[in-house]
Amino acid sequence: MFDSTTATIPETGPVPRHVAVVMDGNGRWAQARGLPRLMGHRAGVENIRRILNAAVEFGIQYLTIYAFSTENWNRPLDEVRGLMTILEQTIQRETPELHKNGVRIRHIGRTDGLSPKLQKMIRDAVELTKDNTRL
């Protein structure tokens, strides 16, 4: 999990055009602190918000967030359901603000296995933001 309190940003050098973030270790982070794994996944979403803000601030053009691999379907059913709920809530809560701030949402990867409701939410977010160019 990205910890902005310990991260350092170089003072010189070119800013990358594209940054990719692999969301990994959030559940382990929570367990190490005696918290439920889903609390770690929720904390990961909060970190993504900070990363998005930093990307915009530094002029990064593309930010890729790798959030759910096919192997994640093998997790306990309650955890998978919780992750899908977090994704639904995040899309619903964040899309209007991202759109307002000029962020274009693109979904790459498979959507089979996702509920029809979540698939529609993803399509709607992509459609709403398709003409945005800031990030």
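Visitor: Which helix holds Glu46?
Guide: In this predicted model, Glu46 lies in helix H2.

Visitor: Is Glu46 buried, exposed or partly exposed?
Guide: Glu46 is partly exposed, because its relative accessible area is 33%, and buried would require under 20%.

Visitor: And how far is Glu46 from Thr90 in space?
Guide: The C-alpha atoms of Glu46 and Thr90 are 9.8 Å apart, while the two residues are separated by 44 positions in sequence.

Visitor: What is the crossing angle of H2 and H3?
Guide: The axes of H2 (residues 37–58) and H3 (residues 77–100) cross at roughly 25° and come within 10 Å. H2 is therefore roughly parallel to H3, since angles under 35 degrees count as such.

Visitor: Which residues make that contact?
Guide: On the H2 side they are Arg37, Leu38, His41, Arg42, Val45, Glu46, Arg49 and Leu52. H3 contributes Asp78, Glu79, Gly82, Leu83, Ile86, Gln89, Thr90, Arg93, Glu94 and Leu98. By class, the contact of H2 with H3 comprises 6 nonpolar, 4 polar and 8 charged residues.

Visitor: Left-handed or right-handed, the crossing of H2 and H3?
Guide: The crossing of H2 and H3 is right-handed.

Visitor: Back to H2 itself. Which of its residues are buried?
Guide: The buried residues of H2 are Gly40, His41, Gly44, Val45, Asn47, Ile48, Ile51, Leu52 and Ala55.

Visitor: What do the buried residues of H2 pack against?
Guide: They pack against strand S1 (18–22), helix H1 (26–32), strand S2 (62–66) and H3.

Visitor: How far does H2 reach from its first C-alpha to its last?
Guide: H2 has 22 residues and spans 32 Å, close to the 32 Å expected at 1.5 Å a residue. Just after H2, Gly59 adopts a positive phi of about 80°.

Visitor: Now the other pair. At what angle do H3 and H4 pack?
Guide: H3 and helix H4 (residues 116–129) pack at about 15°, and their axes are 10 Å apart. H3 and H4 are therefore roughly parallel to each other. The crossing of H3 and H4 is left-handed.

Visitor: Which residues meet there, in H3 and in H4?
Guide: From H3, Met84, Leu87, Glu88, Ile91, Gln92, Thr95 and His99 take part. They meet Lys117, Leu118, Met121, Ile122, Ala125, Leu128 and Thr129 in H4.

Visitor: How many nonpolar, polar and charged residues has the contact of H3 with H4?
Guide: The contact of H3 with H4 has 8 nonpolar, 4 polar and 2 charged residues.

How values were computed: Residues numbered from 1 in each chain as written. Predicted model: local features only at pLDDT ≥ 70, side-chain atom pairs only at ≥ 80, totals over all residues. Heavy atoms only, no water. Axes fitted to C-alpha atoms, helices over the stretch in contact; angles between N-to-C directions. Helix = DSSP H or I, 4+ residues; strand = E, 2+ residues; numbered from the N terminus. Parallel < 35°, antiparallel > 145°, perpendicular 65-115°, else oblique. Left-handed = near helix turned anticlockwise from the far one by under 90°. Contact = heavy atoms within 4.5 Å. Nonpolar A, V, L, I, M, F, W, Y, C, P; charged D, E, K, R; others polar. Expected span 1.5 Å × (residues − 1). Buried < 20%, exposed > 50% of the residue type's maximum accessible area, 1.4 Å probe, protein only.
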